[in-house]
Amino acid sequence: MDIDTWVGGYKVRSFPWIDGKRIYFNVQYYALGQSIEKPPVWDKTAYATDNEEGRRLVYELTDSLVNHIACMGVKQNG
């Protein structure tokens, strides 16, 4: 199952990763009024294990996961 939507003001994209073992989960933040044709202010990616718990986290608890990733102190490209 793929996700390509806006969640709580963040652009979110998620899909099963090519290795079949993980789920790719990407969160992007655009400044208020910023064109999405320009690069986001920040872009963070996480991977969840593709099992029952990981799928539940990504597909049922999406908002909580987005907020957690957004608040993480991960530097750009870190």
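In which strand is the place of Phe25? Phe25 belongs to strand β3, and the points below start from there, with the reminder that this is a predicted model.

1. As for Thr45, its C-alpha atom is separated by 5.6 Å from that of Phe25, although the two residues are 20 residues apart along the chain.

2. The largest nonpolar core comprises 15 residues, and Phe25 is among those with the most contacts inside it, together with Tyr10, Val12, Val27, Val58 and Val66. Two or more residues each come from β1 (3-7), β2 (10-16), β3 (22-29), β4 (42-49), α1 (52-59) and α2 (62-71). The most is given by α2, with four residues. For Val66, the contacts beyond four places in sequence are Val7, Tyr10, Val12, Phe25 and Val27.

3. Ile3, in strand β1, is also buried, with a relative accessible area of 11%. Its contacts, again leaving aside neighbours within four places in sequence, are Val12, Arg13, Ser14, Val58, Tyr59 and Thr62. By way of contrast in position, the C-alpha atoms of Ile3 and Trp42, 39 residues apart along the chain, are separated by 19 Å.

4. On the charged side chains, the count comes to four salt bridges. One of them joins Asp4 and Lys11, at 2.4 Å from N to O, and Asp4 counts as exposed at 53% relative accessibility. Another is formed by Asp19 and Arg22, whose closest N and O atoms are 2.8 Å apart; here Asp19 is partly exposed at 32%, and Arg22 is partly exposed at 33%. Arg55 and Asp50 also meet in a salt bridge, at 2.7 Å, with Arg55 partly exposed at 38% and Asp50 partly exposed at 26%.

5. Which aromatic rings are paired, and how are their planes set? The structure holds nine aromatic pairs. In one of them, the rings of Trp6 and Tyr30 have centres 6.0 Å apart and planes at 55 degrees, so this pair is tilted. The pair links distant parts of the chain, since Trp6 is in strand β1 and Tyr30 in the loop between β3 and β4, 24 residues apart. Trp6 is partly exposed at 44% relative accessibility, whereas Tyr30 is buried at 12%. The rings of Tyr24 and Tyr47, by comparison, have centres 5.8 Å apart and planes at 65 degrees, so they form an edge-to-face pair. Because Tyr24 lies in strand β3 and Tyr47 in strand β4, that pair ties together parts 23 residues apart in sequence.

6. Arg22, the salt-bridge partner of Asp19, has its charged end over the ring of Tyr47, 4.9 Å from the ring centre. A further placement of this kind involves Lys44, which lies over the face of Trp42 at 4.6 Å from the ring centre.

Methods. Residues numbered from 1 in each chain as written. Predicted model: local features only at pLDDT ≥ 70, side-chain atom pairs only at ≥ 80, totals over all residues. Heavy atoms only, no water. Core = buried A, V, L, I, M, F, W, Y, C linked by side-chain atoms within 4.5 Å. Buried < 20%, exposed > 50% of the residue type's maximum accessible area, 1.4 Å probe, protein only. Contact = heavy atoms within 4.5 Å. Phe/Tyr/Trp six-rings, centres within 6.5 Å; stacked < 30°, edge-to-face > 60°. Lys NZ or Arg CZ within 6 Å of the ring centre and 35° of its normal.
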